[in-house]
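Me: I would be grateful for a close look at a single part of this structure. Please set out how that part is placed and what surrounds it.

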Amino acid sequence: MSTASKTMELMVRGGLAAWLAATALSQHPNREFDRCRKLDKSGVAIPNWRFFAPEPCKHDFRILHRTLCDDGTQTHWQETHSIAERRPSHMIWFPQRRRDKGINDVCNELIKLLQNPEVELATTPAYRVLRDQVRSQIVQDGATPRGFQFLVVTDGGYDGDEEIGYIFASRFEPWTPDE
């Protein structure tokens, strides 16, 4: 191998090592390490792959529902869908996490909407998504009630120390079989 090719190989290896080090350091939660990323204006060469937001989520949203029976009685609150128990295989393959993330995003949007008293919540996309999710679960359960209601709550997820927080209770939605 010639001296020129050895020099070229050494430069390529050194460049790749520097790029790898800059990428790894840029993922550190302390923003002091972001200096390398400032050199990459496009954000492509040194990506930002931080796995946690500046303020990570501290609770899970849960959606509960109950139905109104033909005789006028209401069922007990039940979970619309449960959050999956984590397994080691979820580090590699966990498509159900997308559903949980979607519900989290919709519930956060609903919380923002609750702060504006002028908004008619039942007409918002966030409300309709939650309503339709509950409706779909009731259909899967094989029930045909007169109506249903849903409740958005927070809990600590795997941290059992956090109290359940009641965020929003919907009105009773009339059941229409054609939807």
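The part I have in mind begins with R131, which forms a salt bridge with D132. Which residues of α4 are buried, and against which elements do the buried residues of α4 pack?

Reply: The model is a predicted one, and the account below starts from the pair named in the request. In the salt bridge between R131 and D132, the closest N and O atoms are 3.1 Å apart. R131 counts as buried, at 17% relative accessibility, whereas D132 is partly exposed, with a relative accessible area of 36%.

Helix α4 comprises residues 125-141. The buried residues of α4 are A126, Y127, L130, R131, V134, R135, Q137 and I138. Because these residues cover an arc of only 165° around the axis, they lie on the same side of α4. After the helix comes G142, with a positive phi near 85°.

The buried residues of α4 pack against β1, α3 (96-114), β3, β4 (165-169) and β5 (173-174).

The aromatic pairs come first. The whole structure contains four of them. In one of these pairs, the ring centres of F148 and W175 are 5.9 Å apart and the planes stand at 75°, so the arrangement is edge-to-face. F148 belongs to strand β3 and W175 to the segment after β5, so this pair ties together parts 27 residues apart in sequence. Both F148 and W175 are buried. A further aromatic pair, F150 with F168, is tilted, at 6.1 Å centre to centre and with 55° between the planes. Because F150 lies in strand β3 and F168 in strand β4, this pair connects parts that are 18 residues apart in sequence. F150 is buried, with a relative accessible area of 0%, and F168 is buried as well, at 12%. Ring pairs also link Y127 with F150 and F168 into a cluster; Y127 is one of the buried residues of α4.

The charged pairs follow. The structure has seven salt bridges. One of them joins the side chains of D155 and R62, with 2.6 Å from N to O. This pair links distant parts of the chain, as D155 is in strand β3 (residues 147-155) and R62 in strand β1 (residues 60-68), 93 residues apart. D155 counts as buried, at 14% relative accessibility, and R62 is likewise buried, with a relative accessible area of 18%. A salt bridge also forms between E173 and R171, whose closest N and O atoms are 3.1 Å apart. E173 is buried, with a relative accessible area of 6%, but R171 is partly exposed, at 47%. Salt bridges with shared partners join R62, E79 and D155 into one network.

Finally, the cysteines may be noted. C107 counts as buried, at 1% relative accessibility, and C69 as partly exposed, at 26%. The structure holds zero disulfides.

Conventions:
Residues are numbered from 1 along each chain as its sequence is written. This is a predicted model: local features need pLDDT of at least 70, side-chain atom pairs count only at pLDDT 80 or more; totals for chains, interfaces and linings use all residues. Side-chain values use heavy atoms; hydrogens and water are left out. A salt bridge is a side-chain nitrogen of Lys or Arg within 4 Å of a carboxyl oxygen of Asp or Glu. Helices (H or I, at least four residues) and strands (E, at least two) are DSSP runs, numbered from the N terminus. Buried means under 20% relative accessible area, exposed over 50%, partly exposed in between (1.4 Å probe, protein chains only). The expected span of a helix is 1.5 Å times one less than its number of residues. The arc is that of the directions from the helix axis to the C-beta atoms. Contact means heavy atoms within 4.5 Å. A disulfide is a pair of cysteine sulfur atoms within 2.5 Å. Rings of Phe, Tyr and Trp (its six-membered ring) pair if their centres lie within 6.5 Å; planes under 30 degrees apart count as stacked, over 60 as edge-to-face and the rest as tilted.
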